[in-house]
Amino acid sequence: MHSKTEFQEKLDIAWEETVSEQGRLPLADVKQMLDEVGIKLPNHRVRDIVQDIKNEGETEGDFLVKSGFEKLCLTLTEEDVAKTFKTSKQHDKDAEKIEGEMGTKHTVLNEEQAAFADWINNNLE
């Protein structure tokens, strides 16, 4: 996900804009807060999460405190495999971009070039 400070800044700003004076988030606004901090979930998933939070007794009536919301966000981002995949795919920094005919673009890793050159040299001997 984002660095802790980026996420914390987003959370603090969204919390100030959305939450009432009591410092508690109404459970009906959990989806809106998740969207504002960058965690996009379908409505049915948010309903299930809110129900789970209620069942576990982590709410104050129909409200969620900031620490509970932070814990929820941390749990959701840890289980989001798609975000970890996207950030771990960094092949472009060690690659050479080659433009082909008719606008095609190719990306060739330096390791691939070295391995291919070694293979050619070994097979020509």
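**Exercise 1.** Determine whether Trp119 is buried or exposed.

Solution. Buried means under 20% relative accessible area, exposed over 50%, and partly exposed in between, with a 1.4 Å probe and protein chains only. Trp119 has a relative accessible area of 52% and is therefore exposed. The model is predicted: local features need pLDDT of at least 70, side-chain atom pairs count only at pLDDT 80 or more, and totals for chains, interfaces and linings use all residues. Residues are numbered from 1 along each chain as its sequence is written, and side-chain values use heavy atoms, with hydrogens and water left out.

**Exercise 2.** State how many aromatic pairs there are, and classify them.

Solution. Rings of Phe, Tyr and Trp (its six-membered ring) pair if their centres lie within 6.5 Å; planes under 30 degrees apart count as stacked, over 60 as edge-to-face and the rest as tilted. The count under this rule is two aromatic pairs. In one of them, Trp15 and Phe69 are tilted, at 6.1 Å centre to centre with 40 degrees between the planes. Trp15 belongs to helix α1 (residues 4-18) and Phe69 to helix α4 (residues 66-78), so this pair ties together parts 54 residues apart in sequence. Helices here are DSSP runs (H or I, at least four residues), numbered from the N terminus. Trp15 is buried at 8% relative accessible area, and Phe69 is buried at 0%.

Phe116 and Trp119 form a stacked pair, 6.1 Å centre to centre and 20 degrees between the planes. They lie three residues apart in helix α6 (residues 110-124), and are therefore separated by about one helical turn. Phe116 is exposed, at 52% relative accessible area.

Notes:
Helix = DSSP H or I, 4+ residues; strand = E, 2+ residues; numbered from the N terminus.
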